[in-house]
Amino acid sequence: MSLNASSSESSFIVLDKDVKISSVHPSQDPQYIPGTTASYAHEWTKQSLGGGLKTQGRHFVDHWGRVCMLRGANVSGCSKTPVNHDPSTFPESHRTVTFVGRPFPLAEAPVHFARLRRWGLTFIRFMVTWEALEHAGPGQYDNEYIEYIRSVLTLLPEFGLTAFVSMHQDVWSRYSGGSGAPAWTLELVGFNLSALEETGAAYLGGVKVPGVEADRGRWPTGYQKLAASTMATCFWGGEVFTPKLMVDRNGEKVNVQTYLQDAYMDCFDYLLKNLADLEGIMGFEIMNEPHRGYINLPSLHEFDYNTDLHLNDIPSALQSFALGAGYPTEIPHYIRSFPFPTRLSHHVLRNQDGKKVWRKDGPSGGACVWEMHGVWGWDKLKKRPVVLKESYFTKHPLLGKKVDWYQDCWYPFIKRWADRVHSIAGKDKILFLEPIPNEFCPPSWKLEHQPNNMVFAPHWYDLNALFAKEFGNLSVNVQGLSRGMLLHKALYWGQKSARKNYQLQLGNIVEEGYKSLGERPVLLGECGIPIDMNSKEAFESGDFTWQEKMMDALIAGLERNLIGFTLWNYNPENSDSHGDYWNGENFSWFSQQQLDVMSKLKGSLGQLNSSLDEGGRILPAVVRPYPAKVAGIPLEFQYEMTNGEFVFVWSNPMDITADSKIGPKIHRPPMGNHPPLLARETEIYIPATIAEHRKLLIEFGSGADKYDWTYDLDRQTLFVVQRDTSPGTKHSIKVRFDPPLESSWELEPPSLALSLLRSFPRFWLSLLVLLVALAWYILG
């Protein structure tokens with residue numbers, strides 16, 4: 001994009017050879033009629049934005065200075081697993097896997113993008129994995145896969161979508177129980193893939209037969225196990241913690257950290273070179289949910305119950321070392337319980353056959369990497385492992401100084417990555433970064449550690465509902481409890497309270513981000529709900545009321561905190577039996593099960609095609625109005641899905657250069673330092689599912705004579721043009737519908753007792769559990 005220098009055309013932006021856009025939005029003309037432009041609210045093409053999206057303070061903005069409020073979906077959970085995955089040969093067949101066709105076949109892409117456009121979810125977090133790109137071996141990139149995803153992403157502008165590409169990982173790799181890195185990375189360090197399960201180095205049950213998990217929610221325990229923890233530690237801190245672990249690279253011996261990080265960066269470079277020129281790609285994310293591994297682990301004898309999931313087998317780091325080294329070891333086994341989520345049930349003897357996880361032809365010669373570095377040893381007399389260096393992972397082994405993962409590992413890595421991205425893809429690309437899961441933004445993440453065009457993209461889930469896969473009238477503030485909140489203050493009853501609960505937790509994440517980072521955009525990269533909650537009863541009854549309520553509470557919390565988001569997740573491969581086809585998860589509100597997409601929707605991809613909704617679940621909670629392009633600064637937005645009413649408040653920017661007294665508050669954003677506002681038109685997405693066959697009733701807070709508006713059903717867009725452009729002027733709009741929407745459920749239970757009588761028996765148990773927990777807390 002460049003400004004034309006000729007005097008006759010100085011008011012135009014030249015986007016392409018034959019495409020010009022006015023540098024001042026047409027709505028600046030006093031005679032402008034709302035909706036005259038060809039764009040729609042939830043469209044993110046260069047044509048509709050006057051160029052690309054940019055970051056300005058805490059906001060995304062278009063060329064005309066309008067604040068853009070983005071929402072969309074992760075596409076897709078099935079991208080973690082190759083299309084030719086074979087449980088009978090896993091993990092041996094890792095070099096011949098293919099991800100071509102993930103997240104969906106190229107021929108079906110237009111249908112899926114048209115569906116997401118109809119639903120207003122036009123901002124995409126597009127998932128790729130290191131394994132998908134480089135599974136055949138170091139430096140051997142899968143060009144067929146690259147060509148496939150390029151073809152898919154080329155289609156985005158046709159449907160008004162934009163995306164950032166995220167390099168996804170969980171628990172390091174599929175071969176350590178998650179997703180992400182190729183198998184050869186574990187082999188590089190010396191792991192024997194066929195011995196990972198028997199030695200307790202990894203839990204593979206949820207990836208070997210994807211979607212099937214004997215003990216639900218167990219996969220996050222893989223972060224504490226030997227394989228994932230060792231790999232993360234070598235990747236982030238191998239030069240410090242495994243200095244003896246040298247591997248061959250083209251005839252030269254290099255430390256494993258150097259090898260792994262260089263390979264990761266080179267793979268990302270290859271991705272950039274093949275995708276960065278696409279119009280629909282506005283940015284990139286370095287890594288999903290990074291993890292420290294053993295770095296900063298205070299004790300080798302136990303993991304922290306309050307921060308690390310304890311479920312099923314939970315060996316300590318020391319016990320994991322011993323198991324991997326071939327020593328039969330007795331370890332703790334946890335089961336679900338109350339008042340705490342889990343409790344120690346008994347101890348079990350694992351690796352009774354004494355199998356070793358370390359290959360003799362590996363860089364450690366078959367020895368445990370951590371024994372090789374003197375962290376622990378085997379007491380032959382007492383026949384048990386002993387710790388030799390308890391503080392090994394908290395202090396630099398040679399220098400003795402305290403190690404901080406963010407300062408010593410994360411910040412240098414993202415600087416190096418950001419420089420490479422902007423060098424290859426251009427400085428206008430937006431960079432998405434997140435902290436370790438379930439942690440607030442660290443106070444140390446100051447300006448010197450923030451790359452240009454950075455967006456803070458943390459994740460949030462209701463951990464209580466996620467772990468139990470249950471949701472009802474009672475919700476819990478786990479975030480607060482883990483940080484010392486009194487139990488009775490962390491309990492919320494009813495739908496309104498659930499919204500407040502989620503709003504509070506999400507607001508804390510946002511404001512802690514502002515506090516550390518300053519004025520940077522915050523966008524929730526992942527958030528979602530388990531569709532298979534409450535013992536999968538909805539799959540039998542067809543009644544998804546509780547799922548709808550939970551999703552409403554979640555999105556209401558996001559809306560009230562004025563942040564964008566990408567929901568987890570849109571997954572066409574989702575089925576009732578296997579969920580999202582990975583580790584027993586089932587989060588997709590769309591399922592292609594028993595739906596012949598191509599025959600039903602061919603040639604009919606417009607926004608009013610209601611057949612695009614087929615396969616969708618809980619759509620009233622997901623598909624909802626929102627202000628997308630705002631001629632001013634958003635101050636408040638609330639939507640009531642039970643009747644369709646919403647209120648939106650925004651303000652003209654003020655002519656001030658700083659707002660030093662404001663502080664990091666969500667609803668008191670800085671009113672100055674905003675780019676020139678070159679548009680008067682605000683565009684609000686109102687879905688046809690709500691507006692069709694209904695009359696819009698519009699009320700303006702300062703009088704209807706100060707605004708012009710129109711609603712275009714075909715574009716699902718309410719266009720509002722404000723006449724008063726005075727600095728600091730506030731605007732408000734309230735939208736109702738005639739007839740109003742009708743909800744299948746009550747906004748609030750009439751009373752606690754009556755609601756319990758109406759509810760499922762489990763809610764009696766939930767109440768009992770929490771009363772016992774309260775008593776335990778008070779008496780204990």
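**Figure 1. Aspartate 277 is exposed, with a relative accessible area of 53%.** Here, exposed means over 50% relative accessible area, buried means under 20%, and partly exposed covers the range in between, using a 1.4 Å probe and protein chains only. Please keep in mind that this is a predicted model: local features need pLDDT of at least 70, side-chain atom pairs count only at pLDDT 80 or more, and totals for chains, interfaces and linings use all residues. Residues are numbered from 1 along each chain as its sequence is written, and side-chain values use heavy atoms, with hydrogens and water left out. The partner of aspartate 277 in this view is arginine 150: the two form a salt bridge whose closest N and O atoms are 2.8 Å apart. Arginine 150 belongs to helix α4 (residues 143–154) and aspartate 277 to the loop between α8 (256–275) and β12 (281–285), so the pair ties together parts 127 residues apart in sequence. With 28% relative accessibility, arginine 150 counts as partly exposed. A salt bridge is a side-chain nitrogen of Lys or Arg within 4 Å of a carboxyl oxygen of Asp or Glu; helices (H or I, at least four residues) and strands (E, at least two) are DSSP runs, numbered from the N terminus.

**Figure 2. Arginine 624 and aspartate 552 meet in a salt bridge, with 3.2 Å between the closest N and O atoms.** This pair links distant parts of the chain, 72 residues apart: arginine 624 sits in the loop between α18 (619–622) and β24 (626–630), and aspartate 552 in helix α16 (residues 545–560). Both arginine 624 and aspartate 552 are buried. Look around them and you will find a network of salt bridges linking Arg71, Arg499, Asp552, Glu559, Arg624 and Glu640. Across the whole structure, the search finds 33 salt bridges.

**Figure 3. Arginine 715 and aspartate 712 join their side chains in a salt bridge at 3.0 Å, N to O.** The relative accessible area of arginine 715 is 16%, which makes this residue buried. Aspartate 712, at 22%, is partly exposed.

**Figure 4. An open sheet of seven strands runs in the order β4-β5-β6-β24-β27-β30-β29, with antiparallel pairing.** Its edge strands, each pairing on one side only, are β4 (54–56) and β29 (707–712). Zoom in on β4 and you can follow its antiparallel pairing with β5 (residues 59–61) over three bridges. Lysine 54 has valine 61, in β5, as its bridge partner. Two strands count as paired if DSSP finds at least two bridges between them.

**Figure 5. Serine 166 lies in strand β9 (residues 162–168).** Its relative accessibility is 0%, and serine 166 therefore counts as buried. The side chain of serine 166 makes a polar contact at 3.3 Å with that of arginine 125. For a polar contact, a pair of N or O atoms lies within 3.5 Å; within protein, one must be able to donate a hydrogen and the other to accept it, and residues adjacent in sequence count only if both atoms are side-chain atoms. Beyond its neighbours within four places in sequence, serine 166 is in contact (heavy atoms within 4.5 Å) with Arg125, Phe126, Met127, Val128, Glu285 and Asn288. Methionine 287 is 121 residues from serine 166 in sequence, yet their C-alpha atoms are 6.5 Å apart.

**Figure 6. Histidine 731 is found in strand β31 (residues 730–738).** This residue is buried, at 1% relative accessible area. A polar contact of 2.9 Å joins the side chains of histidine 731 and asparagine 652. Not counting residues up to four places away in sequence, histidine 731 touches several others, among them Trp650, Tyr707 and Asp724.

**Figure 7. Asparagine 351 occupies the loop between β15 (342–350) and α10 (369–372).** At 5% relative accessibility, asparagine 351 is buried. Its side chain has a polar atom 2.8 Å from the backbone oxygen of leucine 323, and the asparagine 351 side chain also reaches the backbone oxygen of lysine 355 at 2.9 Å.

**Figure 8. The largest cavity holds about 210 Å³ of space.** Its lining consists of 18 residues, with Arg58, His59, Leu562, Ile563 and Gly564 nearest the centre. Elements giving two or more residues to this lining are β5 and β6 (67–68). The whole structure has six cavities of 30 Å³ or more. A cavity is a set of points, on a 1 Å grid over the protein atoms alone, where a 1.4 Å probe fits but cannot get out, and lining residues have an atom within 4 Å of a point. Grid points are joined across faces, edges and corners, and the volume is the space filled by probe spheres set on the points.

Notes:
1 Å grid on protein atoms, 1.4 Å probe; cavity = no way out; pocket = protein on both sides within 12 Å on 5 of 7 lines; lining within 4 Å.
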